[in-house]
Amino acid sequence: MNQALGLAAQALFLSNPNPRVGCVITAANGHVLGQGFTQQAGGPHAEVMALRDAAAAGRDVRGATAYVTLEPCAHQGRTGPCCDALIQAGVAKVVASIADPNPLVAGQGFARLRAAGIEVVVGPGAEESRELNIGFFSRMVRGTPWVRLKVAASLDGTTALHNGASQWITSAAARADGHAWRARSCAVLTGIGTVLADNPVLNVREVPTSRQPQLVVVDSRLQTPPDASLFIPGRTCTIYAAGTFDRKFSARKAMLEARGATVVHLPGADGKVDLPAMLRDLAARGVNELHIEAGHRLNGALVRAGLVDELLLYLAPKLLGPGRGMADMGPLETLAQGLALQFQDVERVGPDLRVLARVMGRDAF
């Protein structure tokens, strides 16, 4: 199962919006007959890749054991049901880490395997598989993506000077590491303030990847310039707006749509974008992990609304004094009003520290 989990990790930048799954098929003596991991959406799943690997090597899998990190699917999507492929191949036993939370599966894969006389064991590697697919579980169970807020700051929490200067507070190593987190996400979200101030591209450049995440812009008044650098041919770009739908708004909408963007009018009660509704809409568009790279105002709005699941912090070994903070969420009146976090991981990246901190209780679903 550890080998299968390692294979699943190879789908990290590849399989979205499908889960990251690995499969290893072994003979009774423990020898590996075939292995594989889930490919790009529409491509074969891990079980089929492992069966193909065994067939290509001329190895018979009848009576074998399949170790798979997620329940084999039982529905017809862009590919056929994996449980049927395993049944037809004649495997005798399936060891799976965890049940698939997709309502179209949700135990049906296990039931089909058992009905075919295949022994099914569930549990080994469950925690690791769920963590690897935290966004997929979030979308299936909560109906919203897993929201990861990325911030680069000095050790005293400054993300930019008062004049806006912020490039670069952290090192090249930290920026490259941040691109790996972009690459694993389904979508990267930013705000109009960042678009206007920095004209960012927000694609993955520092690590090899076969797919680029979608781009999402929160732009209440639809101020995104049609010539912004974020418009990359072939990349899905969704802009959420909230302004009055008048003639001027419609004209700006048409210009952005001409650049290939999808404009979603989603006003909230405060005249700004309805952020909870935006997350539900992104889940409906297949977004599992949402990676936030925005300014302190939008960061603060997301935190205040209780929409952030974890923080990915890069802290440089320097002090910058007063400036722009990580998230505009105060001032608070009591310490109890602070956002309670739990450290998941702390690691040195180049000269900087990378801190992964999860909001307490956000993974209880």
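What follows is a set of questions about labels and the values behind them.

Modeller: This is a predicted model, where local features need pLDDT of at least 70, side-chain atom pairs count only at pLDDT 80 or more, and totals for chains, interfaces and linings use all residues. Residues are numbered from 1 along each chain as its sequence is written, and side-chain values use heavy atoms, with hydrogens and water left out.

Biologist: What makes Arg 20 and Glu 289 a salt bridge?

Modeller: Their side chains meet at 2.8 Å, N to O. A salt bridge is a side-chain nitrogen of Lys or Arg within 4 Å of a carboxyl oxygen of Asp or Glu, so the pair qualifies. Side chains of opposite charge can pair when their charged atoms come close.

Biologist: Where in the chain do Arg 20 and Glu 289 sit?

Modeller: In distant parts, 269 residues apart. Arg 20 is in the loop between α1 (2-9) and β1, while Glu 289 is in strand β11 (residues 289-292). Helices (H or I, at least four residues) and strands (E, at least two) are DSSP runs, numbered from the N terminus.

Biologist: Why is Arg 20 called buried?

Modeller: Its relative accessibility is 3%. Buried means under 20% relative accessible area, exposed over 50%, and partly exposed in between (1.4 Å probe, protein chains only). So Arg 20 counts as buried. Glu 289 is buried too, at 1%.

Biologist: Which other residues are linked with Arg 20 and Glu 289 in the salt-bridge network?

Modeller: Glu 131, Arg 148, Arg 184, Glu 310, Arg 358 and Asp 363 are linked with them. Within that group, Arg 358 and Asp 363 meet at 3.2 Å, N to O. Arg 358 is buried at 4%, whereas Asp 363 is partly exposed at 28%. The whole structure holds 19 salt bridges.

Biologist: How do you know that Arg 285 is partly exposed?

Modeller: Its relative accessible area is 36%.

Biologist: What makes β1 and β3 paired strands?

Modeller: Two strands pair if DSSP finds at least two bridges between them. Strand β1 (residues 22-26) and strand β3 (residues 65-68) are joined by four bridges, and they run antiparallel. Thr 26 stands opposite Thr 65 in β3. On β4, the bridge partner of Thr 65 is Lys 93.

Biologist: How do β3 and β4 run, parallel or antiparallel?

Modeller: Parallel, with four bridges joining β3 to strand β4 (residues 93-96). The chain goes from β3 through helix α3 (residues 82-89) to β4 in a right-handed β-α-β crossover. Right-handed means that, with the strands pointing away from the viewer, the path from the first strand over the helix to the second runs clockwise.

Biologist: Why are β2 and β5 called edge strands?

Modeller: The open sheet has five strands in the order β2-β1-β3-β4-β5, with mixed pairing. β2 (32-37) and β5 (119-122) each pair on one side only. The twist averages 15° from one strand to the next. For that angle, axes are lines fitted to C-alpha atoms, for helices over the stretch in contact, and angles run from 0 to 180 degrees between N-to-C directions.

Biologist: What is the strand order in the sheet of nine?

Modeller: The order is β10-β9-β8-β7-β11-β6-β12-β14-β13, again an open sheet with mixed pairing. Its edge strands are β10 (261-265) and β13. The average twist there is 20° from one strand to the next. Six bridges join β12 to strand β14 (residues 352-359), and these run antiparallel.

Biologist: What makes Phe 343, Val 346 and Leu 353 a nonpolar patch?

Modeller: Patches are made of residues with over 30% relative accessible area and no salt bridge: like charges are joined within 9 Å, nonpolar side chains (Val, Leu, Ile, Met, Phe, Trp, Tyr) within 5 Å. These three form such a patch on the surface, with about 310 Å² of accessible area together. Accessible areas come from the Shrake-Rupley method with a 1.4 Å probe, and for residues only the protein chains shown count as cover. Val 346 lies in strand β13 (residues 341-349).

Biologist: What stands out in the phi of Leu 222?

Modeller: Phi is positive, about 55°, although Leu 222 is not a glycine. The residue is in the loop between β8 and β9 (237-241). At 1% relative accessibility, Leu 222 counts as buried.
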